[in-house]
Amino acid sequence: MDIVTIVQILDSTLRLATPLLFACLAGIISERAGIFDIGLEGKLLIAAFFSAAYAHYSGSAWIGLGAGVLASVVFSLFHGIASITFRGNQLISGVAINFLASGMTVVIAQSWFRQGGRTPSLTGDQRFPSLDLPGAEAVQGVPVIGQIYGEILTDHGILVYVGLLCVPLTWYVLYRTRFGLRLRAVGENPAAVDTAGVSVVRMRYAAIVIAGVLCGIGGAYLSTSLAAGFVREMSAGRGFIALAAMIFAKWRPWQGLGAVLLFGMLEAIANRFPNLDLGFITLPSQFMTALPYILTVIILAGFVGKAIPPRAGGEPYVKER
Amino acid sequence: MKLTRKFLGATAVLALTTGAALADPALIYDMGGKFDRSFNEMAFTGATRWAEETGGEFRDIELQSEAQREQAIRRFAESGYNPVVMTGFSMATPLEVVAADYPDTTFVIIDGVVDLPNVRSVIFSEQEGSYLVGLLAGMATETDNVSFVGGMDVPLIRAFACGYAQGAVAANEEVNVIVNYTGTTPAAWNDPVRGSEITAAQISQGSDVVFAAAGGTGVGVLQRAVDDGILSIGVDSNQNYLHPGQVLTSMMKRVDNAVYSAFESGPGMETGLHVMDLAAGGVGWADDEHNAELISDEMRAAVSSAQEAIAAGELAVHDYRSDSSCPISVE
């Protein structure tokens with residue numbers, strides 16, 4: 001494997017990991033507050049559709065992004081109303097969101113655009129342009145740094161960098177602010193938070209709205225930066241891989257970044273080498289595609305450390321009378 | 001006795017309610033959806049053309065899940081639609097079960113083979129059409145690298161890849177053909193993001209012409225080709241118009257003609273195996289105003305002589321499906 005191939009794979013890794021990263025961070029925030037969120041996939045999808053649709057109507061990818069985020073937040077609120085206010089089962093509500101997004105996007109797209117559940121192809125300003133990092137050209141000749149900064153890190157859609165910035169931000173909010181402390185406490189022991197006079201319901205709603213915003217950006221990235229328009233079911237299971245990444249990272253943001261980069265790299269390798277020849281064994285690309293799930297199962301089974309979810313996760317909070 | 005009467009009553013009611021629809025044809029689209037700008041859309045185009053020309057009416061349904069396949073065929077047969085046309089190799093298994101139950105209904109399956117007296121199985125010689133576009137790709141490439149992005153990894157799509165590789169190598173012996181498949185599940189037909197990344201990987205390996213036989217995933221392939229300034233080749237329907245001047249050509253698979261002729265012949269059509277090959281106009285390449293400047297006279301001459309040779313039987317393009325192997329390495 002030569003250096004050009006490695007650079008290309010890492011470049012592709014960064015692009016493929018970004019939607020996973022947004023969804024993974026969304027999952028971390030939501031589940032840290034005690035709300036299981038398997039509706040990540042649905043939120044990515046609905047955001048991808050509304051971003052592409054409004055980017056098409058307005059001619060601006062930024063307005064598209066706004067519409068996508070809004071749609072994703074609305075879906076988050078559905079989840080919230082069902083599982084926080086009405087104390088429904090969070091898993092069922094999440095599944096409902098996935099189904100709703102899958103069907104609704106196609107129906108609305110068909111009635112708006114009459115192109116069989118897809119949006120028209122986006123061109124020009126309707127998509128996020130690639131961003132050249134300052135000085136990327138200049139360092140291109142320098143070994144290692146030139147390759148990393150000048151080729152891998154530069155020339156991606158702006159949302160890739162937003163995603164990378166969201167990691168320290170999420171870490172800071174979760175571990176260094178009062179809000180984050182309360183948020184984590186709500187996921188571990190909501191009764192204690194309630195006793196301290198903080199509204200559990202309000203904290204949980206805040207968490208899912210943040211999760212909605214993050215998923216919305218991830219969805220917008222799919223349809224208006226990576227691809228050029230919406231195609232039905234275009235999220236293609238990325239929300240679920242993000243869930244796997246979240247568990248793999250044991251609900252921690254930095255480790256989440258590591259997990260999505262690993263999973264993104266596996267996908268990039270599978271794309272680059274249909275059959276990976278390691279000398280003594282040939283791995284088909286299907287094996288690479290399956291690896292994220294296999295790794296997650298191994299982690300969950302407790303072979304490598306132990307993944308312990310937030311203790312109050314999945315439990316609707318009922319105030320004692 | 002009571003039960004029999006109930007059944008008779010039910011049948012009578014059914015017969016009365018379906019009287020109006022009797023003998024209208026019906027069409028079932030595979031999972032890619034009616035407007036995939038590709039395979040299923042061609043079927044719709046053929047059906048629409050029939051409806052416009054004859055003033056007839058037809059019913060159609062888009063499948064949303066694997067479980068609906070058998071149900072959809074049964075519903076149409078039950079309501080008296082005849083013939084019932086369906087697209088996609090995945091319909092073969094359910095059709096085998098259902099067709100035997102409705103001996104008076106004529107079924108047509110496109111891209112699959114069901115050996116029953118009331119079924120017409122239409123298959124295309126995709127390898128021949130792919131050979132032609134491969135020939136064009138082999139002549140158009142400047143880097144001696146061309147690539148192929150397949151949708152779901154199934155023998156049908158491998159036949160596309162194999163024909164394409166044979167054509168490219170026939171045009172230029174030096175040419176290297178890079179082949180990738182998007183996946184192994186039906187989701188592979190609708191993942192433009194993955195398609196785009198695979199194309200990027202192929203471009204980094206030097207490919208400057210990419211052929212997408214991947215349904216909705218192809219949209220991402222063509223988009224990436226445009227973004228990175230290489231040529232692409234569309235599939236099934238004429239996709240040249242999607243990016244004028246940047247799509248080299250499209251491998252046309254005339255599903256529309258198959259549907260049209262099935263609708264036109266009606267329930268009394270000849271059943272059995274129908275092979276739509278190059279000679280029968282079943283496959284071909286798209287040559288229109290959008291790609292006119294990309295196709296040189298030399299290319300046009302080469303492709304039309306290959307076309308004649310294949311139609312006359314002088315040139316045999318190997319079909320991957322015949323022995324599950326390809327003379328050109330496409331791994």
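Two residues are in contact if their C-beta atoms, placed from the backbone, lie within 7 Å. By that criterion, the contact between the two chains of this predicted model takes 25 residues from chain B and 24 residues from chain A. On the chain B side, the elements that give two or more residues are strand S7 (176-183), helix H7 (192-204) and helix H8 (217-227). Helix H7 of chain B gives the most, with nine residues. By residue class, the side of chain B that touches chain A divides into 10 nonpolar, nine polar and six charged residues.

**Confidence**

For the complex, the predictor gives an ipTM of 0.82 and a pTM of 0.83. Chain B has a mean pLDDT of 87, and 93% of its residues reach 70 or more. Residues 15-21 of chain B have pLDDT below 50, and beyond near neighbours in sequence this stretch has five contacts in the model. Where pLDDT is low, the predicted coordinates should not be read in detail.

**Annotated regions**

From an unreviewed UniProt entry comes the annotation "domain: ABC transporter substrate-binding protein PnrA-like", which covers residues 32-291 of chain B. For chain A, UniProt (unreviewed entry) lists "transmembrane region" at residues 6-28, 61-84, 91-113, 158-175, 205-224, 256-273 and 285-304.

**A position in chain B**

B:Met86 is found in strand S3 of chain B, which runs over residues 84-87. Is this residue, B:Met86, buried or exposed? B:Met86 counts as buried because it has 27 C-beta neighbours inside 10 Å, and the cut-off for a buried residue is 20 or more. Leaving out residues up to four places away in sequence, B:Met86 touches B:Ile28, B:Ile73, B:Met91, B:Leu95 and B:Ile109. B:Thr48 lies 38 residues from B:Met86 along the chain, and the C-alpha atoms of the two are separated by 15 Å.

Methods. Residues numbered from 1 in each chain as written. Chains lettered and ligands numbered in written order. Predicted model: local features only at pLDDT ≥ 70, side-chain atom pairs only at ≥ 80, totals over all residues. Helix = DSSP H or I, 4+ residues; strand = E, 2+ residues; numbered from the N terminus. Buried ≥ 20, exposed ≤ 12 C-beta atoms within 10 Å, placed from the backbone. Nonpolar A, V, L, I, M, F, W, Y, C, P; charged D, E, K, R; others polar. pLDDT = per-residue confidence, 0-100. UniProt positions renumbered as here; feature names shortened; annotations may be inferred.
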